[in-house]
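Let's take a walk through this structure together, one piece of packing at a time.

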Amino acid sequence: MTKKDVFFAAVITLVYSLLAFFQLGDTKAPQTFWEAQPGTILRIDLGKQYDLSRVLVYAGISQANYEFYLADQPLGEQQQIGTLESPYCFSWQRMDTSLSGRYLFLRIFQSQGSIGELAVYAADGQLIDIPSDQAWERLIDEQDAAVYEPTYKNSTYFDEIYHARTAYEFIHHLSPYETTHPPLGKVLISLGISLFGMTPFGWRFVGTLLGCAMLPLFYALCKRLFHRTRAAVLGCGLFALDFMHFSQTRIATIDTYALFFILWMTLFMAEYLQTHSYRSLALCGISFGLGAASKWTCIYAGAGLAVLFFADLIITWKREKKQFSQTALRRCLWCLIFFVAIPVIIYVLSYLPWTKCAGQSWQTVWNNQFDMYNYHSQLKAEHPYSSPWYEWLVMVKPMVFYRQETMTGGISTLATFGNPLIWWGGLIALIATAVIGIRRRDTISWQIVCGYLAQLLPWVLVSRIVFIYHYFNCTPFLILSLVYVFLYLWNKFPKMKGVMWAYLGGAAILFVMFYPVLSGQDASISYVQNWLCWFPQWYFV
């Protein structure tokens with residue numbers, strides 16, 4: 001990495017970071033919660049008669065169902081405003097109404113209720129100043145955090161209701177709710193919560209930060225593999241412009257952390273294959289352990305690393321037959337330490353926050369390993385956005401995390417899928433990389449292809465429902481294939497230089513074009529329908 005490389009990587013990362021953190025989420029949300037047992041009925045005096053337009057509740061951790069009623073008198077006839085049903089947490093739930101009354105009744109069913117804040121709006125859209133009372137004081141103690149319109153900016157969406165919640169539970173030593181993945185990803189999410197509070201910005205902060213950090217990391221990987229600044233600029237630029245990289249790292253789920261450590265693993269393995277440095281092998285093993293402690297999909301990457309390691313041993317055997325026994329034994333023994341002992345230690349240590357939670361112990365940690373396996377191997381469920389692995393390759397069905405009509409009559413959408421130039425072009429480039437690599441006996445090509453197949457092939461055998469975001473870990477290898485092919489063509493046809501940068505420019509145009517459905521920005525429904533819904537199953541509205 002030269003000074004020029006550092007400059008280019010920094011510029012790309014800075015520009016991307018400004019966009020990634022723009023309107024990531026609110027920095028304010030209710031932090032204190034009113035708790036009540038099932039069967040509780042609370043009567044709230046609004047102070048006088050009001051014509052209501054909307055009632056909002058910021059839900060905490062609970063499985064409770066709530067019913068809301070309005071009455072003119074304390075014991076008068078009650079009219080139902082609406083019902084809120086679980087599961088939801090750390091999100092504003094909205095009920096619109098045109099009823100009039102002074103007394104608001106709240107009834108809790110099913111389980112213990114937890115509410116962070118209650119916001120009641122009059123017909124003119126003004127927040128009603130509810131008189132304070134000891135019985136409902138905690139329901140109205142943070143009215144400055146109240147919102148009129150629930151959006152992704154002020155509430156959890158998609159699987160944040162599991163992962164952000166569990167991160168919060170680790171901080172407060174509550175029994176963890178989400179136990180279908182190892183804990184490190186949620187522990188990392190909790191760091192952002194510790195810094196910025198249990199707010200949307202807080203629970204998304206670390207994931208977005210690592211999404212930005214992936215760019216200089218990927219730049220270094222491209223420079224390590226191809227030894228050319230233009231290759232690193234092209235690869236880093238394409239990665240910054242990939243749709244899924246942008247949308248997936250701005251949501252508080254654990255896939256970001258898995259890919260972050262996979263990139264480190266890939267970088268250190270590439271370094272090892274070029275230098276045979278045990279330092280590189282050790283760092284690769286540490287990255288593998290951190291990845292496996294975040295999500296088991298990193299174990300797939302570990303299998304790919306094993307293929308690369310033993311393939312390199314075979315090459316060494318052909319080159320150094322006389323000294324091969326000692327070399328092979330030494331490398332394999334170090335691998336037992338770096339890829340077995342150290343990752344196991346890291347994996348076990350990642351459960352320390354778990355053991356401090358209520359009702360948890362090292363026995364439940366052991367049991368959790370079997371529970372995770374049984375959950376993923378036996379899951380029977382349906383989802384409108386599920387898609388089999390072979391549909392991911394051509395983006396048959398993007399995943400929509402969030403979709404809501406806005407107050408301006410537009411649409412706010414958060415979808416995850418690939419930049420067509422990167423995913424479709426990358427798939428063609430991957431095939432070309434394999435063919436060129438075989439003809440040239442090039443080790444770089446099989447590192448790229450092996451990394452891709454290690455992430456894709458295990459999903460071929462999975463029978464449970466899967467989603468396009470499971471293809472996220474394959475994206476860097478599609479981009480590496482594009483870089484590989486462009487460099488190959490550039491060496492053969494120097495005039496390809498312009499085509500390469502034009503391709504990067506085309507990816508940038510598509511990113512700008514699809515930005516509204518990647519970021520949740522308010523967009524015209526006609527624009528999204530006419531310009532972005534390219535295929536029948538690309539339904540963003």
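Start with helix H1 (residues 3-21) and helix H5 (residues 229-240), whose axes lie 10 Å apart and pack at an angle of about 10 degrees. Angles under 35 degrees count as roughly parallel, so H1 runs roughly parallel to H5. On the H1 side, the contact is made by Lys-4, Asp-5, Phe-8, Ile-12 and Tyr-16, and on the H5 side by Thr-229, Val-233, Cys-236, Gly-237 and Ala-240. Sorted by class, the contact of H1 with H5 has six nonpolar, two polar and two charged residues. Please keep in mind that this is a predicted model.

With that pair in view, step back to the whole chain. The protein chain has 18 helices and nine strands. Along the principal axes, its C-alpha atoms fill a box of roughly 95 × 55 × 45 Å. How does the radius of gyration of the protein chain fit a compact globule of 541 residues? Such a globule would have a radius of gyration near 24 Å, and the protein chain has 26 Å, which agrees.

Now move along to helix H7 (residues 255-275) and helix H8 (residues 278-292). Their axes are 8 Å apart, and the two helices pack at an angle of about 160 degrees. Angles over 145 degrees count as roughly antiparallel, so that is the description for H7 against H8. The crossing of H7 past H8 is left-handed. If you highlight the contact, H7 brings Phe-261, Trp-264, Met-265, Phe-268, Met-269, Glu-271, Tyr-272 and Thr-275, which meet Arg-279, Ser-280, Leu-281, Leu-283, Cys-284, Ser-287, Phe-288, Leu-290 and Gly-291 in H8. Eleven nonpolar, four polar and two charged residues make up the contact of H7 with H8.

The next pair to look at is helix H9 (residues 297-319) with helix H10 (residues 324-349). Here the axes come within 10 Å and cross at roughly 165 degrees, which makes H9 roughly antiparallel to H10. What is the hand of the crossing where H9 passes H10? The crossing is right-handed. From H9, the residues involved are Leu-305, Phe-309, Phe-310, Asp-312, Leu-313, Thr-316 and Trp-317; they meet Phe-324, Thr-327, Ala-328, Arg-331, Cys-332, Cys-335 and Phe-339 in H10. By class, there are ten nonpolar, two polar and two charged residues in the contact of H9 with H10.

Ser-111 sits in the loop between strand S6 (100-109) and strand S7 (113-122). Leaving aside residues up to four places away in sequence, Ser-111 touches Pro-38, Gln-63 and Ala-64. Zoom in on Gln-63, and you will find that its backbone nitrogen is reached by the side chain of Ser-111 at 3.4 Å.

Key: Residues numbered from 1 in each chain as written. Predicted model: local features only at pLDDT ≥ 70, side-chain atom pairs only at ≥ 80, totals over all residues. Heavy atoms only, no water. Axes fitted to C-alpha atoms, helices over the stretch in contact; angles between N-to-C directions. Helix = DSSP H or I, 4+ residues; strand = E, 2+ residues; numbered from the N terminus. Parallel < 35°, antiparallel > 145°, perpendicular 65-115°, else oblique. Left-handed = near helix turned anticlockwise from the far one by under 90°. Contact = heavy atoms within 4.5 Å. Nonpolar A, V, L, I, M, F, W, Y, C, P; charged D, E, K, R; others polar. Polar contact = N/O pair within 3.5 Å; in protein donor to acceptor, adjacent residues only side chain to side chain. Rg over C-alpha atoms; globule rule 2.2 N^0.38 Å.
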